[in-house]
Amino acid sequence: MTLWEFLSDRLDRILIQAVCAAAAAFFLRATGTQSGVLAVLLLALLLVFAGAQLADFLRQRARLRELEAILEGLDQKYLFAECVPTPRSLYERRLFELTRRAGRDMTGAVSDARAAQREYREYVEGWVHEIKTPITAARLICQKLDGDTRRRLICELDQVQAHVERALFYARAESPERDCVIRQTQLSQLVAQAVGEHRALLIQSGVRVETDGLDRSVYTDGKWAAFILGQLLQNAARYRGPEPVVTISARPLGKQVQLTVADNGLGIPAQELPRVFDRGFTGSNGRARGGSTGIGLYLCKKLAVFLELGLEVTSEEGRGTTVTLTFPAKEAL
């Protein structure tokens with residue numbers, strides 16, 4: 001708070017006091033008070049008034065700075081009203097009491113919302129585990145069908161499985177630390193896991209996968225990283241070109257390893273590229289092809305931030321898309 005802000009806030013009070021001082025001076029002058037005495041009285045009154053205002057300003061500024069320091073030192077700032085020192089005036093006591101009441105109500109609402117969110121997440125996780133049973137049963141039934149029908153149904157079941165896994169990871173993304181273990185992992189194993197989980201989709205879509213330089217170790221959670229790679233493979237299959245090819249390659253970069261997933265599909269329009277990680281953004285290709293939810297890349301970015309992975313997308317419309325994942329690793333010798 002500045003002195004100008006303090007005086008502006010008290011402008012009406014200052015004007016009333018100035019009017020009262022002028023009226024008193026007029027009355028004293030009318031009753032015969034000498035001009036010299038009147039001037040001394042007004043000067044003394046002005047000094048007392050200015051001193052009182054300055055002292056009040058310094059006291060309020062110090063109090064505000066004290067409260068600001070307390071607020072800045074709190075990790076959970078909504079508990080500010082519970083942590084302030086004893087109020088110094090009746091008005092301050094009443095004000096902080098109202099603030100505490102509002103804070104307690106907000107804390108209760110936040111606790112209820114977190115409990116509801118936790119219950120919903122647990123329900124989704126339970127539902128995902130339950131739905132895997134009929135999916136597995138459907139796969140077994142497919143084994144009794146003829147070749148083409150079996151392949152088509154297995155491909156659709158893989159899509160269902162992918163949506164189910166996406167729902168599970170979306171539910172867990174709010175607290176990924178509960179299900180995350182960082183360890184040294186081979187890139188070749190991550191890629192093989194992701195490709196294996198989406199093999200039916202890739203074959204059905206005619207996508208050829210080429211790999212290069214994957215004999216490197218990185219530090220990450222294998223399950224979460226494989227999920228990210230799986231989302232990239234699904235996008236490559238969904239937005240494929242006439243002769244789809246996905247190239248997955250890796251190269252060392254000091255204490256990091258860059259994994260590149262490049263396809264020769266439809267590509268992303270330049271004006272849409274900055275928004276590909278936004279939740280719910282489907283883009284022109286997603287609307288044209290249908291079936292896009294705008295969740296896949298959003299989840300990839302969220303999980304990459306948690307795993308401390310670099311995630312960048314470059315694309316040229318009509319030429320393809322390249323996604324680069326940067327993993328922490330031992331420095332290359």
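**View 1. Glu316 and its salt-bridge partner, Arg319.** At 46% relative accessibility, Glu316 falls in the partly exposed class. Like everything in these views, this comes from a predicted model. The partner is Arg319, and the closest N and O atoms of the salt bridge sit 3.8 Å apart. Arg319 itself counts as exposed, with a relative accessibility of 58%.

View 2. Asp56 has a relative accessible area of 11%, so it counts as buried, the cut-off being under 20%. Arg59, on the other hand, comes out as partly exposed at 48% relative accessibility.

**View 3. Asp278 meets Arg275.** This is another of the four salt bridges in the structure. The closest N and O atoms of Asp278 and Arg275 are 3.9 Å apart. Asp278 is partly exposed, at 36% relative accessibility. Arg275 is partly exposed as well, with a value of 44%.

**View 4. Strands β1 and β3, side by side.** Strand β1 takes in residues 183-186 and runs antiparallel to β3, with four bridges joining the two. Look for Arg183, which stands opposite Thr220 of β3. Strand β3 is made of residues 217-220 and has two faces: Val218 and Thr220 are on the covered one, while Ser217 and Tyr219 are on the uncovered one. In a regular strand, side chains alternate between the two faces of the sheet.

**View 5. Inside the largest nonpolar core.** This core has 47 residues, and the ones touching the most other members are Leu187, Leu229, Ile248, Leu259, Leu325 and Phe327. Helix α9 (residues 222-238) supplies the largest share of the core, nine residues. Apart from this core lies another one, of six residues, including Val124, Val128, Ile135 and Val164.

**View 6. Zooming in on Leu229.** Which residues does Leu229 touch, leaving aside those up to four places away in sequence? Its contacts are Leu190, Val191, Ala194, Leu259, Val261 and Leu325.

Technical notes:
Residues are numbered from 1 along each chain as its sequence is written. This is a predicted model: local features need pLDDT of at least 70, side-chain atom pairs count only at pLDDT 80 or more; totals for chains, interfaces and linings use all residues. Side-chain values use heavy atoms; hydrogens and water are left out. Buried means under 20% relative accessible area, exposed over 50%, partly exposed in between (1.4 Å probe, protein chains only). Two strands pair if DSSP finds at least two bridges between them. A salt bridge is a side-chain nitrogen of Lys or Arg within 4 Å of a carboxyl oxygen of Asp or Glu. A nonpolar core is a set of buried Ala, Val, Leu, Ile, Met, Phe, Trp, Tyr and Cys residues joined through side-chain atoms within 4.5 Å. Contact means heavy atoms within 4.5 Å.
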